Amino acid sequence: MNDFYTVRTKTGSISFQIGKRPIIVIFLLSIMSLLLFVLSLAVGSSFIHPFQVMKELVGFSSGEYDFILHTLRLPRVLLAFMVGAALGVAGLILQAVIRNPLASPDIIGITSGASVGAILFIVYLMGSVSISFLPFAAIAGATIVSAIIYLLSWKKGVTPIRLVLIGIGVSAAMKAIVMMMIVVSETTIATKSYLWLTGSLYGANWQDVSAMLPWLVIFIPSAFFLGRLVNVKELGDDVATGLGVKVQQQRLILLFISVALAGAAAAFAGGIEFVGLIAPHIGRMLVGRSFASLVPISALLGGMIVIIADMVARTAFLPLDIPAGVFTAGIGAPFFIYLLYRNRNL
């Protein structure tokens, strides 16, 4: 009995296999995501029954909760899921490219680059330039710092171990720069900077959702269709080269996709950490190591993690709205220690 479905275009330019187990897992995670989505819309300073939420969403209601759901909660929950999906796939790509289970955007410097761009904007430009340009500053920071890491890692090509070591070093330097800028800035600016660094979805609106959506629509499918090449690359650079894979070119493309996803997530939600580390590992526990299968699963798991973190953040300490990054870090730090213990031979 065949346990895999093969999808291939006539030209063969797109070809991948996906197993029956991953399909079942994707279906179950999708159902769980929908249930979690409704629950997150229901809870808050005022509780709305989940059935009422579903009636509001499909238009069969009096519109009593229209403002609460459609203006306050719905864009925030959607953005939380999108940010988590982007971070989950970005982390998956980095772990595959670097072949290191401890790699993630916040560990090797991508998120730190976004932080530098955002904090530079907050400290020096806020007040004179519209806050709507903050996401562009964060994405620019992530792109520039990632390019620096890649160039510093180049020595007759880029090897995974050089990339991760230099990424960790550059990340530490970027964090030092960020802290210095915050320390010398005014109290109000420092408070806003710390809030951004922690990672918060407070004030999310439909403009943020529409601006974030193209990044997911373009880059997550791109990662999925490169799954076959990633599986070959995991055999090692020499084997992949022998099979005709342009290793350095494909590595650069995959890193660009990861930077784009992680930078966009940081731009709209701040420095939410550990999601890119956790989601791919849970995915591997569920379905194994097939990259094409792990892309949608990591996206779903990442989205669920951020939705849960944000739901707890805005309801557990009412009337306070705690940054969601506090709870992702609270989950991620023990998980990181567990991974270190599990991979103590690294």
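**Figure 1. Salt bridge between Arg314 and Asp310.** In this predicted model, the side chains of Arg314 and Asp310 meet in a salt bridge at 3.8 Å, N to O. A salt bridge here is a side-chain nitrogen of Lys or Arg within 4 Å of a carboxyl oxygen of Asp or Glu. Because Arg314 and Asp310 are 4 residues apart in helix α13, about one helical turn separates them. Helices are DSSP runs (H or I, at least four residues), numbered from the N terminus. Both Arg314 and Asp310 are buried; buried means under 20% relative accessible area, exposed over 50%, and partly exposed in between (1.4 Å probe, protein chains only). Residues are numbered from 1 along each chain as its sequence is written, and side-chain values use heavy atoms, with hydrogens and water left out. Local features need pLDDT of at least 70 and side-chain atom pairs count only at pLDDT 80 or more, while totals for chains, interfaces and linings use all residues.

**Figure 2. Salt bridges of Arg76.** The side chain of Arg76 meets that of Asp310 in a salt bridge of 2.8 Å, N to O. This pair links distant parts of the chain, with Arg76 in helix α3 and Asp310 in helix α13 (residues 291-315), 234 residues apart. Arg76 counts as buried at 8% relative accessibility, and Asp310 counts as buried at 1%. Arg76 also forms a salt bridge with Asp321, where the closest N and O atoms are 2.8 Å apart. Asp321 lies in the loop between α13 and α14 (324-342) and Arg76 in helix α3, so this pair ties together parts 245 residues apart in sequence. Asp321 is partly exposed, with a relative accessible area of 29%. Arg76, Asp310, Arg314 and Asp321 are linked in a network of salt bridges, and the structure holds 3 salt bridges.

**Figure 3. The second largest pocket.** This pocket has a volume of about 400 Å³. Of the 16 residues that line it, the closest to its centre are Leu72, Arg76, Tyr202, Arg314 and Asp321. A pocket is an open set of points on a 1 Å grid over the protein atoms alone, where a 1.4 Å probe fits, with protein on both sides within 12 Å along at least five of seven lines; lining residues have an atom within 4 Å of a point. Grid points are joined across faces, edges and corners, and the volume is the space filled by probe spheres set on the points. Helix α3 (residues 66-98) gives the most to the lining, with 5 residues.

**Figure 4. The largest pocket.** The largest pocket has a volume of about 750 Å³. It is lined by 27 residues, of which Ile131, Leu134, Asp208, Ala267 and Phe268 lie nearest its centre. The elements giving two or more residues to this lining are α5 (134-153), α7 (187-198), α8 (206-225) and α11 (247-269).

Figure 5. Ser146 is placed in helix α5 and counts as buried at 12% relative accessibility. Leaving out residues up to four places away in sequence, Ser146 touches Ile110 and Val259; contact means heavy atoms within 4.5 Å. Leu152 is also found in helix α5, but counts as partly exposed at 47% relative accessibility. With residues up to four places away in sequence again not counted, Leu152 touches Arg162, Ile166 and Val170.
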